[in-house]
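Reader: Please show me the chain, and then let us go through it by question and answer.

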Amino acid sequence: VARALYRRFIWDDDKQHLEKLRAELRTLVTETISGVSQATTQAEQAVDSLAAKSVRLEKGPTLEEVRQVLGEVVGETRSIARNSHLLKEMLDDTRREVEALRDELEHTRLQVTTDALTGLKNRRAFDTAFQQAAENPGKSDAPLTLLLVDIDHFKDYNDSFGHKAGDQRLCRIADTMKSHARRAGDLAVRYGGEEFVVLMPNAERESA
């Protein structure tokens, strides 16, 4: 019972999932930095090596020495090309993984802030939006209107017609609210159960 209560009221699956995504992204960034750093070090070593060979060529080497230097240059050039190819593959893999993480993060963000039944924003999204609207220092004098909607006798409706019919009513009401909350900044929310909220920044009481 304690475990069930903990998972229902305290445990935050969304938060755990977001933390997992953050950890994966941190690991990916760390591995990418390490790979780029390694490639940079190898490139710097190759530059130093080529500079040393240039000095050797300035000292009037024999034909055999020139042949030897040329062979070393070819070998190092191939090594640089191989390392560059590996770095490109790693960066391509990183780009694909970052894009996948970005898509998953966006999907998770929408799940976290959207009511699954009605498609309206949920209480978590409302709390964030309300705090931002109320604490906006640049618009301290701007009006802020909050519309609270509660369906009367909804329990009786569910008892009479069933929860599926009740869910359909909730969706119809949500669609109606979405169709009327059309101004930029308006936020229609399913606050919980049969309770709805519309947050209307910059709306006087009459226009609301």
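Author: Helices (H or I, at least four residues) and strands (E, at least two) are DSSP runs, numbered from the N terminus. This is a predicted model, in which local features need pLDDT of at least 70 and side-chain atom pairs count only at pLDDT 80 or more, while totals for chains, interfaces and linings use all residues. Residues are numbered from 1 along each chain as its sequence is written, and side-chain values use heavy atoms, with hydrogens and water left out.

Reader: Is Val-29 buried, partly exposed or exposed?
Author: Buried means under 20% relative accessible area and exposed over 50%, with partly exposed in between (1.4 Å probe, protein chains only). Because its relative accessibility is 43%, Val-29 counts as partly exposed.

Reader: How many residues make up the largest nonpolar core?
Author: A nonpolar core is a set of buried Ala, Val, Leu, Ile, Met, Phe, Trp, Tyr and Cys residues joined through side-chain atoms within 4.5 Å. The largest one includes Leu-120, Ile-151, Phe-154 and Met-200, and the elements giving two or more residues to this core are α6 (163-180) and β3 (195-201). The residues of this core number 12.

Reader: Against which elements do the buried residues of α6 pack?
Author: The buried residues of α6 are Ala-165, Gly-166, Leu-170, Ala-174 and Met-177. With contact taken as heavy atoms within 4.5 Å, these buried residues pack against β1, α5, β2 (187-192) and β3.

Reader: What is the phi of His-153?
Author: Most residues other than glycine have a negative phi. His-153, in the loop between β1 (144-150) and α5 (154-161), is exposed, with a relative accessible area of 63%. Its phi is positive, near 55 degrees.
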